[in-house]
Amino acid sequence: MDIIRNVIVMSLMSIVAYGFVVAHNDVAKPSADATMLQDEEVIVLISSDKKCVNAFSIERNHWSQLKFDTELTPEATPILYKGMVALKNREYIYGYSAKVGAWDKIKVVGESESQPMLGKDYIQVRTQNAVYVFGLNSAYWTAVNLTTGDVLKIGESAVNQAGATK
């Protein structure tokens, strides 16, 4: 009788332990469709529903988030280089600096050929009429009009200093 009782108790303990391991592993597993990219200074995570991009600044130990109403376009792949992240989605180009921990965006309507390029400490976008720059130590884009040479006022008011733009 003791042997049967011990077998039953051991079986029940094994089932409970197995259930705990399965439940724990399911919580810890990232979604198979989520995308993670990283370099030495930043980690970028695109949610599996393709409506959220998070950037983690290793220096600041802080996540900054972009949320979208619709899925990112298939071409919207983040580009990372030395703590900078550039992302083009539809008519917007987003820039992120891990040093500052902030996102900002510019609108490039009708400029489908405009692509972000990453330099050592900046992101640059050239359109038909302007050059936009997002620096490593900045929280917003700046621009110069190519025709007049005037510095354009953009982005500064749209930046949420806690991290993400609206």
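Five strands, in the order S9-S10-S11-S12-S13, form an open sheet with antiparallel pairing; strands are DSSP runs of E with at least two residues, numbered from the N terminus, and two of them pair if DSSP finds at least two bridges between them. Strand S9 (117-118) and strand S13 (151-152) stand at the edges with a single partner strand each, so one side of each has no neighbour in the sheet. Within this sheet, strand S11 (residues 130-135) and strand S12 (residues 142-145) run antiparallel and are joined by 4 bridges. Val-131 has Val-144 in S12 as its bridge partner.

This is a predicted model, in which local features need pLDDT of at least 70 and side-chain atom pairs count only at pLDDT 80 or more, while totals for chains, interfaces and linings use all residues. Residues are numbered from 1 along each chain as its sequence is written, and side-chain values use heavy atoms, leaving out hydrogens and water.

The protein chain as a whole has 1 helix and 13 strands, a helix being a DSSP run of H or I with at least four residues. Of its 166 residues, 35% count as buried, that is, under 20% relative accessible area with a 1.4 Å probe and protein chains only, where exposed means over 50% and partly exposed lies in between.

Tyr-94 is bridged to Lys-105 in S8. The charged end of Lys-105 also sits over the ring of Tyr-92, 4.7 Å from its centre; this term requires NZ of Lys or CZ of Arg within 6 Å of the ring centre and within 35 degrees of the ring normal. Tyr-92 and Tyr-94 form one aromatic cluster with Phe-68.

The structure holds 5 aromatic pairs, defined for rings of Phe, Tyr and Trp (its six-membered ring) with centres within 6.5 Å; planes under 30 degrees apart count as stacked, over 60 as edge-to-face and the rest as tilted. Phe-56 and Trp-63 form a tilted pair, 5.0 Å centre to centre with 50° between the planes. Phe-56 counts as buried because its relative accessibility is 14%, whereas Trp-63, at 43%, counts as partly exposed. Tyr-96 and Trp-103 form another tilted pair, 5.1 Å centre to centre with 45° between the planes. Both Tyr-96 and Trp-103 are buried.
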